[in-house]
Amino acid sequence: MTERVLDWRNRRAWLRAIPRYASLILTPHVRKRLEHARPDCWSDVMDWLPNHEELVPAFCEALWGYYTHAKGFHGCRPESLSSYFESGLKGQAVERILTKFHKIYADVPSELRQRAIERMHQRGISERGCTWLSSDDRKMIEQHGHYIIHGSEYLMALAARMSDGERWGEDYRLRLRQIGIPTILEVNIPVALIPDAQKREVGKMILSEWGQLRARKPLRMSSAPCYVVKHDIPAECIKTHYHPAQIIDFHTDLGAYVNKSLTCELCRQV
Ligand SMILES: [Zn+2]
């Protein structure tokens with residue numbers, strides 16, 4: 001089966017593809033209504049689209065019947081990359097993170113560590129098995145690069161909770177910057193692994209962009225969807241990886257984090 005990948009960064013391509021799967025839904029009649037009425041075509045409130053209760057679900061079904069995969073980028077800071085390319089991306093497992101946590105912070109009093117673990121307990125349950133991916137690697141570097149700078153957000157949150165209330169104590173999160181290699185994995189996520197609510201969100205975002213063009217009324221919003229996958233992602237879905245040289249850093253006053261680890265064991269094999 002041919003792979004058709006929805007790459008959010010390539011706006012022109014996904015706009016051009018719309019007539020291939022949705023011409024029976026976004027009919028000339030619908031188009032004319034928008035061209036005439038020129039509404040604000042927001043993605044969160046869809047009442048600008050005629051008969052939206054039926055058209056939105058029909059469009060989402062057609063969209064995700066057309067694409068086989070969505071491109072996603074996973075930011076991480078692994079000590080070794082080979083396991084990703086051998087066993088794929090494993091969803092979040094608190095046990096694995098805690099092993100690392102105790103190793104990195106072995107010198108921190110155990111009651112502080114335990115307090116942080118207890119505070120994070122509920123979140124650990126709700127996030128079990130999840131993998132976070134952004135649809136745009138440039139936006140990830142600019143807006144939520146902490147995954148790349150520190151690695152696991154859960155580990156970072158545990159570290160932050162040990163410092164609570166100690167303004168002049170060590171910022172334990174910064175230790176995470178000394179372990180592993182800042183990395184972005186490029187993944188083609190099979191559509192079957194994307195939760196329905198996220199598929200609907202992406203469908204509405206595409207409809208919004210399409211509507212703005214028809215109405216000739218750009219809303220100048222620039223957003224990119226995120227995917228939270230609750231399954232392991234097979235190794236063959238990971239297409240490539242790279243190590244960004246600079247990442248916007250919101251946790252220090254320096255502005256940008258400069259990454260000096262630009263190659264890993266896999267880069268050197270090529
Ligand atoms: Zn590498």
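Let me start with charge. The chain carries 39 positive and 33 negative side chains. The centres of those two sets lie 6 Å apart. Keep in mind that this is a predicted model.

Now the overall picture. We have 12 helices and eight strands in the chain. Along the principal axes, the C-alpha atoms fill a box of roughly 70 × 45 × 35 Å. The chain has 270 residues, and 50% of them count as buried. The exposed surface comes to about 14,400 Å². Carbon and sulfur atoms supply 52% of that surface. Then the contacts. Take those in the chain with a separation of 6 or more: 82% of them come from residues 24 or more positions apart.

On to the metal. Which residues coordinate the zinc ion? Two histidines and two cysteines: H241 and H243 through NE2, C264 and C267 through SG. The distances run from 2.0 to 2.3 Å. Along the chain, the donors follow the spacing H-x1-H-x20-C-x2-C. Look at H243 and C267. H243 sits in the loop between β6, residues 238-242, and β7, residues 246-249, while C267 belongs to helix α12, residues 265-269, so this pair ties together parts that are 24 residues apart in sequence.

What is the geometry of the four donor atoms around the zinc ion? The arrangement is tetrahedral, because the angles they subtend are 103 to 119 degrees. For reference, the ideal angle for four tetrahedral donors is 109.5 degrees.

C267 comes out at 26%, so C267 counts as partly exposed. The cut-off for buried is under 20%.

F85 is in helix α4, residues 82-87. With a relative accessible area of 28%, F85 is partly exposed. What does F85 contact, leaving aside neighbours within four places in sequence? The list is L185, A235, I238, T240, H241 and L266. H241 is one of the zinc ligands. F85 and T240 are 155 residues apart in sequence, yet their C-alpha atoms are 9.1 Å apart in space.

Let me move to helix α11, residues 196-215, where we find E209. E209 has 15% relative accessibility, so this glutamate counts as buried. Where do its contacts fall? Not counting residues up to four places away in sequence, E209 touches R11, W14, L15 and M221.

One more helix residue. A58 lies in helix α3, residues 52-66. Its relative accessibility is 29%, so A58 is partly exposed. A58 and A197 are 139 residues apart in sequence. In space, C-alpha to C-alpha, A58 and A197 are 14 Å apart.

Last, the backbone. Most residues other than glycine have a negative phi. Two arginines here have a positive one. Phi of R38 is near 50 degrees. R38 lies in the loop between α2, residues 28-37, and α3. At 35% relative accessibility, R38 counts as partly exposed. R216 is the other case, with a phi of about 55 degrees. R216 also lies in a loop, between α11 and β5, residues 226-229.

To recap the site: zinc, with H241, H243, C264 and C267 as ligands, in a tetrahedral arrangement.

Key: Residues numbered from 1 in each chain as written. Predicted model: local features only at pLDDT ≥ 70, side-chain atom pairs only at ≥ 80, totals over all residues. Heavy atoms only, no water. Helix = DSSP H or I, 4+ residues; strand = E, 2+ residues; numbered from the N terminus. Buried < 20%, exposed > 50% of the residue type's maximum accessible area, 1.4 Å probe, protein only. Contact = heavy atoms within 4.5 Å. Areas by Shrake-Rupley, 256 points an atom, 1.4 Å probe, with all protein chains shown as cover. Lys, Arg positive; Asp, Glu negative; His and termini not counted. Charge placed at Lys NZ, Arg CZ, Asp CG, Glu CD. Donors = N, O, S within 2.8 Å, 3.2 Å for Na, K, Ca; no water. Tetrahedral: all angles 85-135°; square planar, octahedral: opposite > 155°, others 65-115°.
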